[in-house]
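Welcome! Take a moment to look over the sequence and turn the model around before reading on. The report below walks through it part by part.

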Amino acid sequence: MSDRVSVSAAASGWRFYRADTGNEPPPEKSDEAAIAAMTKFFHDGLADLKQKAETK
């Protein structure tokens, strides 16, 4: 049994919605801002999980 964990997106990809679904959202609620926020969320969460797994 392996002690490694890997995470990957499903073939269909991730689905989430930005804060403002209008045609012209402000910059802080744009598609790019939503992608950056979700990327940071997953990166930080996985980094914390890795740190906890390695100290056990």
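Ser30 sits in the segment before H1; helices (H or I, at least four residues) and strands (E, at least two) are DSSP runs, numbered from the N terminus. This is a predicted model, in which local features need pLDDT of at least 70, side-chain atom pairs count only at pLDDT 80 or more, and totals for chains, interfaces and linings use all residues. Residues are numbered from 1 along each chain as its sequence is written, and side-chain values use heavy atoms, with hydrogens and water left out.

Is Ser30 buried or exposed? Ser30 counts as buried because its relative accessibility is 14%, and buried means under 20% relative accessible area, exposed over 50% and partly exposed in between (1.4 Å probe, protein chains only). Leaving out residues up to four places away in sequence, Ser30 touches Arg18 and Pro25, where contact means heavy atoms within 4.5 Å. A polar atom of the Ser30 side chain also lies 3.0 Å from the backbone oxygen of Pro27.

## Arg18, a partner from earlier in the chain

Arg18 has its place in the segment before helix H1 (31–54). Ser30 and Arg18 are 12 residues apart in sequence, and their C-alpha atoms are 6.7 Å apart in space. Not counting residues up to four places away in sequence, Arg18 touches Pro25, Lys29, Ser30, Asp31 and Ala34.

Which backbone oxygen does the side chain of Arg18 reach at 2.2 Å? That oxygen belongs to Asp20. A polar atom of the Arg18 side chain also lies 2.4 Å from the backbone oxygen of Gly22. For a polar contact, a pair of N or O atoms must lie within 3.5 Å; within protein, one must be able to donate a hydrogen and the other to accept it, and residues adjacent in sequence count only if both atoms are side-chain atoms.

## The chain as a whole

The protein chain has 1 helix and 0 strands. Of its 56 residues, 5% count as buried. The chain exposes about 5,500 Å², and carbon and sulfur atoms supply 56% of that area. Accessible areas come from the Shrake-Rupley method with a 1.4 Å probe; for residues, only the protein chains shown count as cover.

A pair of aromatic rings is described by the distance of the centres and the angle of the planes. How many aromatic pairs does a search of the whole structure find? The search finds 1 aromatic pair. Phe41 and Phe42 form this edge-to-face pair, with 5.3 Å from centre to centre and 80 degrees between the planes. Rings of Phe, Tyr and Trp (its six-membered ring) pair if their centres lie within 6.5 Å; planes under 30 degrees apart count as stacked, over 60 as edge-to-face and the rest as tilted.

Phe41 is found in helix H1. With a relative accessible area of 56%, Phe41 is exposed, while Phe42 counts as partly exposed at 35%. Phe41, Phe42, Leu46 and Leu49 make a nonpolar surface patch of about 400 Å². Patches are made of residues with over 30% relative accessible area and no salt bridge: like charges are joined within 9 Å, nonpolar side chains (Val, Leu, Ile, Met, Phe, Trp, Tyr) within 5 Å.

## Salt bridges

Side chains of opposite charge can pair when their charged atoms come close. A search of the whole structure finds 4 salt bridges, each being a side-chain nitrogen of Lys or Arg within 4 Å of a carboxyl oxygen of Asp or Glu. One of them joins Lys40 and Asp44, whose closest N and O atoms are 2.4 Å apart. These two residues are separated by about one helical turn because Lys40 and Asp44 are 4 residues apart in helix H1. Lys40 is exposed, at 51% relative accessible area, whereas Asp44 is partly exposed, at 36%.

Another salt bridge links Lys52 to Asp48, with the closest N and O atoms 3.1 Å apart. Lys52 and Asp48 are 4 residues apart in helix H1, so about one helical turn separates them. Asp48 counts as partly exposed, at 36% relative accessibility. Lys50 forms a salt bridge with Glu54, where the closest N and O atoms are 2.8 Å apart. Both Lys50 and Glu54 lie in helix H1, 4 residues apart, about one turn of the helix. Glu54 counts as exposed, at 55% relative accessibility.
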